[in-house]
Amino acid sequence: MAAGKGSHTHKAFLLCNYVLLGAASSCIFLTLSLRLLPSPCGLLLLFLHALTAVFSAAGCSGSFTAPATPAQWHNAHTAGAALTAIFQGAVALLAFTRTSDFLAELQSYVRDEDGAVILKMVGGLGTAIFVLEWAALALAFSLRLDGDDDADEYGNKNWASSYHV
């Protein structure tokens, strides 16, 4: 691995995670502006955004992408991040395609027109989170793979030792 390649990959990974952290916290505040706290769906939506922020903060710290990290922790972080990305994409799709139904299910106390605008902003951020989460997962995979020093003389990696395949 060239020294510059790993450095650029790591910088891109950190940038993805910092943008994810900002987008998830923005989603939290936008969701709170819908005044959803009595609603179970609203609480789940807040929990999804908070979980996304936690996974991106963990990615910023590098605690799950370092080569010395146990494989179980890395796998748990990867699975959790993938699930939050899938759910963020689903929320974004609902926010754009079924705005009024989704807003009614959330039991918001704001006017319908204002709620629809806020929900579409959450949907736009959810779309960005979906894309950035998958980019961060790909970059984390690349960093984890590049950090392994168990390549043979031709530079081929031993996937089985790192990923328990």
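**Group meeting: an all-helix pattern, its core and its pocket**

Read along the sequence, the protein chain runs α-α-α-α-α-α. That is 6 helices and 0 strands. Helices here are DSSP runs (H or I) of at least four residues, strands are E runs of at least two, and numbering starts from the N terminus.

Some ground rules. This is a predicted model: local features need pLDDT of at least 70, side-chain atom pairs count only at pLDDT 80 or more, and totals for chains, interfaces and linings use all residues. Residues are numbered from 1 along each chain as its sequence is written, and side-chain values use heavy atoms, with hydrogens and water left out.

Start with the whole chain. Of its 165 residues, 39% are buried, meaning under 20% relative accessible area, with a 1.4 Å probe and protein chains only. Now contacts, meaning heavy atoms within 4.5 Å. Take the contacts between residues at least 6 apart in sequence: 72% join residues at least 24 apart.

Next, the core. In soluble globular proteins, nonpolar side chains tend to be buried together. The largest nonpolar core here has 26 residues. Such a core is a set of buried Ala, Val, Leu, Ile, Met, Phe, Trp, Tyr and Cys residues joined through side-chain atoms within 4.5 Å. Phe-13, Leu-34, Leu-106, Leu-119 and Ile-129 touch the most other members. At least two residues each come from α1 (3-33), α2, α3, α4 and α5 (112-147). The largest share, 8 residues, is from α5.

Look at Ile-129. Leaving aside neighbours within four places in sequence, Ile-129 contacts Leu-20, Ala-23, Ala-24, Cys-27, Thr-52 and Gln-88.

Now Thr-84, in helix α3 (residues 71-97). Is Thr-84 buried or exposed? Thr-84 counts as buried because its relative accessibility is 2%. Residues up to four places away in sequence aside, Thr-84 touches Leu-48, Leu-51, Thr-52, Phe-55 and Glu-133.

Last, the largest pocket. It holds about 270 Å³ of space. A pocket, on a 1 Å grid over the protein atoms alone, is an open set of points where a 1.4 Å probe fits, with protein on both sides within 12 Å along at least five of seven lines; lining residues have an atom within 4 Å of a point. The volume is the space filled by probe spheres set on the points. Of the 15 lining residues, Leu-44, Leu-45, Leu-48, Phe-87 and Val-91 are the closest to the centre. Two or more residues each come from α2 (40-61), α3 and α4 (99-106). The largest share, 7 residues, comes from α2.

How values were computed. Buried < 20%, exposed > 50% of the residue type's maximum accessible area, 1.4 Å probe, protein only.
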